[in-house]
Amino acid sequence: MTLPNTIPTASLGDLFPGVDGMHPLVVSGYLFRFRPEQMPALLPHEQLVMAALVRHLRPRRVLEFGTAAGQTTYALAANAPSDAEIFTVDLLPEAQNDYTRQCMLGRSELGACFAQPFSGGGRIVQALRRAGAPLPPEIQAMAGRFDLIHVDGDHGYAGVR
């Protein structure tokens with residue numbers, strides 16, 4: 001038996017009027033490293049949506065939970081205003097789950113997508129923490145001062161909780 005969708009849905013343009021303007025979007029070529037059977041189904045769409053939102057909203061300070069390889073971090077920094085700061089938080093490598101390792105394609109370096117020099121890379125602050133530990137002090141110090149927060153960290157019950 002298929003249950004009906006009880007979550008209201010809307011188009012991105014309905015939620016953010018003007019987001020569909022004709023402006024260039026930048027995403028990482030890291031997407032092409034996935035073989036077709038490895039590609040998370042919505043990843044290319046998610047990358048374009050995040051790029052469009054950041055280009056449209058023009059946040060000055062962004063916080064991301066869940067760095068992994070850094071594809072979204074790259075899109076956030078590459079599409080944000082040139083004076084924006086991007087903070088990204090992830091777990092220390094020993095606490096990564098299978099989903100994170102899958103997204104990183106077997107590589108161990110968190111943030112590999114923005115480790116390569118690019119125009120927005122200098123504005124990225126990467127912070128790591130132990131599972132269950134408080135946020136790193138550099139992130140805690142910024143509490144209440146973020147214009148955009150993207151939560152894509154962990155995908156298991158315990159991590160989300």
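Visitor: Which residues does L76 touch, not counting residues up to four places away in sequence?
Guide: L76 touches M50, V54, V62, E64, I86 and L148. Contact here means heavy atoms within 4.5 Å. The model is predicted: local features need pLDDT of at least 70, side-chain atom pairs count only at pLDDT 80 or more, and totals for chains, interfaces and linings use all residues. Residues are numbered from 1 along each chain as its sequence is written, and side-chain values use heavy atoms, with hydrogens and water left out.

Visitor: What makes a set of residues a nonpolar core?
Guide: The members must be buried Ala, Val, Leu, Ile, Met, Phe, Trp, Tyr or Cys residues, joined through side-chain atoms within 4.5 Å. The largest such core has 15 residues. L76 and I86 have the most contacts inside this core. Helices α2 (43-57) and α3 (71-79) each supply at least two of its residues. α2 gives the most, with five. A second, separate core has eight residues, including Y30, L31, A69 and C113.

Visitor: Why is T72 counted as buried?
Guide: Buried means under 20% relative accessible area, exposed means over 50%, and partly exposed lies in between, with a 1.4 Å probe and protein chains only. T72 has 10% relative accessibility, so T72 counts as buried. T72 lies in helix α3. Leaving aside neighbours within four places in sequence, T72 is in contact with Q47, M50, E64 and H150.

Visitor: What makes α3 mostly covered?
Guide: Nine of the nine residues of α3 are buried. They are Q71, T72, T73, Y74, A75, L76, A77, A78 and N79. Helices are DSSP runs of H or I with at least four residues, strands are runs of E with at least two, and both are numbered from the N terminus.

Visitor: How do you know that Q71 is buried?
Guide: Q71 has a relative accessible area of 7%, and the limit is under 20%, so Q71 is buried. The C-alpha atoms of Q71 and A112 are separated by 8.4 Å. Along the chain, Q71 and A112 are 41 residues apart.

Visitor: How close is α2 to its expected reach from first C-alpha to last?
Guide: The expected span of a helix is 1.5 Å times one less than its number of residues. α2 has 15 residues and reaches 21 Å, close to the 21 Å expected. Its buried residues are L43, Q47, V49, M50, A51, A52, L53 and V54. The buried residues of α2 pack against α1 (12-15), α3 and β4.

Visitor: Why is R58 called partly exposed?
Guide: Its relative accessible area is 46%, which lies between the buried and exposed limits, so R58 is partly exposed.

Visitor: What makes F87 and F146 an edge-to-face pair?
Guide: Rings of Phe, Tyr and Trp (its six-membered ring) pair if their centres lie within 6.5 Å; planes under 30 degrees apart count as stacked, over 60 as edge-to-face and the rest as tilted. F87 and F146 lie 5.7 Å centre to centre, with 85° between the planes. Therefore the pair counts as edge-to-face. A search of the whole structure finds one aromatic pair. F87 is in strand β2 (residues 85-91). F146 is in the loop between α6 (137-140) and β4 (148-151). The two are 59 residues apart. Both are buried.

Visitor: Which elements of the chain have the lowest and the highest mean pLDDT?
Guide: pLDDT is the predictor's confidence in each residue, from 0 to 100. Helix α4 (residues 98-103) has the lowest mean, 58. Strand β1 (residues 61-65) has the highest, 94. For the chain, the mean pLDDT is 82, and 77% of the residues reach 70 or more.

Visitor: How many helices and strands has the chain?
Guide: The chain has seven helices and four strands. Of its 161 residues, 40% count as buried. Among contacts between residues at least 6 apart in sequence, 74% join residues at least 24 apart.
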